[in-house]
Amino acid sequence: MENFILDLLKKSGADGWAVRDEIRTGWEFYFIRHALDQNRVRETEHITLTIYRAFEEDGKKYLGSASAELAPTATETEAEKLIRSLLFEAGLIRNRAYTLNPPCGDAAPLAAAPELRTIAGDFLRAMKSVKESAEADINSYEIFTDSVCRRLVTSTGIDVTDVYPSSMAEVVVNARDDRREIELYRMYKSGSCDAAGLKANVEETLRFGRDKLRAGKTPALGKCDVVFSTDDALEIYDYYIDRMNAGMVYQGISDCEIGKAVAEDKGGDKLTVRAVKTLENSSHNGAFDDEGAPVRDMTIISGGVAENFYGRRMFAQYIGLEDSFSPGNFVVEGGGKTAAELRTGKYLEVVEFSDFQVDTASGDIAGEIRLGYLHDGDSVSVVEGGSVSGTLRELGGALRFSSEQKQYNNYLIPAVTRLCGASITGAEG
Amino acid sequence: MKAPFSPYLDAIAPGLKKLVELLREDFDYVSVLSTDSVGFTASISQRAKAVNHSTMMTERGSVVRVSRGGLYSEYAFNRFDPSHPELTAAEARRVLDEQFALLEETGSAVYDTPVLPDEPCVLREEMETGILPEETDLAALVEKLSEMSARGFAASEYAIDCRLRAQSTHVCKLFLTANRDMRQSYVFSEGVVMPLVTKNGRVEFGYEGVSGREGPEIFDRLSDKVEPVVKSAEELLSAERIEPGEYEVIVSPEVSGLIAHEAFGHGVEMDMFVKNRALSDLVTMHEGAKPEIEVASYAFDDEGTLAHDTVEIRNGILKTGVCDALAALRLGVAPTGNGKRENFEHKVYTRMTNTVFESGDSTLEEMIATVKYGYLLKGMQSGMEDPKHWGIQCIIDRGYEIRDGKLTGKVVSPIVMTGYVPELLGSISMLSRDHELFGTGGCGKGHKEWVKVSDGGPYMKAKARLG
């Protein structure tokens, strides 16, 4: 970032400003089967300016802001023009007055600069080590490894830098018999490469693929318990985590109140959620959030009761929080029963949805079943088609969580989640 | 007026041409795509407001594509010095060589692909537009959106907010090879009204929008949508869950568009379709950046292929698919102008542009009159398809019950429509005369690579599984 940017901001007349400078190097590899389709390198810098203006109208105090990206090759004249424009635009935004984050003190990067060649090599070798068969194999995969350096400088004296790795692997697997060929999709996100975890997960997906070949149509089950044992469960936990966000509360989308239950008690496990500063190999480990607030460990929901809201500075202050932040990692504590104990009786374990969703506002859940295992005592049948629906407003209080946990990048959640009484639309009849 | 091409791109073009020339010394094929797209987003609600200069397509940067020994490689960057293209050429060689070394070390095989053709083409297309985003009176726009937000908030006793979002982008792209110099400039805009209502602890959103390859003047059209969308949101507050089952349905043009998009996105097995699947002969579907003027309408794609009008289905028979240039080369077919990147940092994939069912000759009233028991489905939330197995999932906002040819007033929400695409399209029995496109959303490939698309069509009557 050119020094003139800070100089221009300091003399701009703004009531506040912030500069985010993100320097990113990315290595990418795209494979069809195991043949390299394309390799790519990204070397970019993204500089984002935010200008704040305090003003008063009709006796009301406002703090408006406007932001824009400034090209890293911008000249001083271009930067000056942009800052003038943002200064004007910030004056159009009548947001109730709030204060900006003070310096957070903890400015040391959490990690050393990642070695992309090593991380990329780990991914390449991990994918080659996956055990495939004629019946189920890898169709294609894409590997993304990034080294990110982000710096935040603000008018209030914040000047902090974080360096971290961010990786992603997208894998498509096929399974086939003489009737048909099917496809399953997975996306894995992490800091660096978890080779063993990636290999195990892809091999599990290949097993799902083989099972899908012999799947029958999902019967019209009416009400049935649904078990989640993949990252689709994140949608369920995100519903509760999002509802504790200060922005959701302030805007009236969430009616959560501190000290009150986040779901009606219907005999399920009580939810406990913590924000944590670091989680092993998460791509969201950072010492500060996007606005320079220091990130720390904090309990959000404890025993099913709302304990602490979190969120961006403006919304946090609007609901009376002075030192909040936007967490990067979350831990959902396990429940009272093991995964094996939750997998009893009649239930449908869905391991592949088209796109499982929980609506943050309404709590409505929906997802087409691509692969499920219908358990009824000792019998298990593999099913596909139809859909799961319902609403967490009614079903959330009866959720059960396994005592075992499983990590998905920046979330550590119960390995198995049981949603009792969902509606199952069959694939026929 | 014409949307003027970026002076910045014109200024760096000579340097980029030199970069192509330098890399041609080492590679069989070299192209560069450079972008300089500006715009704004204004978000106004009763509780929070924001303005910034970002949209899904604002960007400035370049990407070089090179090929050697059958392997295609890319280098994306945004610190280009046009007076020293040799520095960028050297850096591209250095970082790609590092990757080649790793690939050799890990024993990675290469998917051998022929060299892309490089037919000469010189094009400078500055498309018609109204106001430019960069010249928009944002003060007036913020006031206009604030008035609409206040009106929406006041329109219902259950309203807790009414959000307005207006986005406009002036896209400029430059594509260069040894033989090609293609430059295009156009403006597209999109705006949405989203009232938020609550009753007895239940919270629901409404959603209506406008979109087009037009300037910010388009946002005036949002005004007429405010009160109707608040009413739609109110309906959701007392909506019941649908009884799962198969129903006769009439889908609105918005839902028709969602079906068009999800049914024919991302890798359909066309040979199976032609041989084994019979669709309704009422179905004719177009895909392409050329046949419609919407948010995904351009002169050429991100690989320098001119925009097409591809008729994917004619009278129920699949004719062809869409293809980016590299996939076309591998398949031995012609590219269709569907090679798109999320932005200069991202790889090209085959992507949809405007996907549209042709209209029929019925009226909506005639269609409703033929339904014994079913639903009129309106409003889309999301969609997803299973490209291999051809399953489809559409989450639809609301359904209005029809019994004995009449709307009963009962509303159900939300609705998960699932099924097998050939069965769904094979069941289409009536099409209305309407023709509407919707371009306020985005489309991902898998769960990433977001690009602008539009889709639409007429009201369609079909049979569908709802839950």
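How many residues of chain B are in contact with chain A, and how many of chain A with chain B? In this predicted model, local features need pLDDT of at least 70 and side-chain atom pairs count only at pLDDT 80 or more, while totals for chains, interfaces and linings use all residues. Residues are numbered from 1 along each chain as its sequence is written, and chains are lettered from A and ligands numbered from 1 in the order in which they are written.

Contact (C-beta atoms, placed from the backbone, within 7 Å) links 62 residues of chain B with 59 residues of chain A. On the side of chain B that touches chain A, strand β4 (residues 71-77) of chain B supplies the largest share, seven residues; strands (E, at least two residues) and helices (H or I, at least four) are DSSP runs numbered from the N terminus. That side of chain B divides into 29 nonpolar, 19 polar and 14 charged residues, where Ala, Val, Leu, Ile, Met, Phe, Trp, Tyr, Cys and Pro count as nonpolar, Asp, Glu, Lys and Arg as charged, and the others, Gly among them, as polar.

Chain A contains nine helices and 21 strands. Its radius of gyration, taken over C-alpha atoms, is 24 Å, close to the 22 Å given for 429 residues by the globule rule (2.2 Å times the number of residues to the power 0.38), so chain A is as compact as a globular protein of that length. The C-alpha trace of chain A spans about 75 × 55 × 35 Å along its principal axes. Among contacts in chain A between residues at least 6 apart in sequence, 73% join residues at least 24 apart.

Conventions
Two residues are in contact if their C-beta atoms, placed from the backbone, lie within 7 Å.
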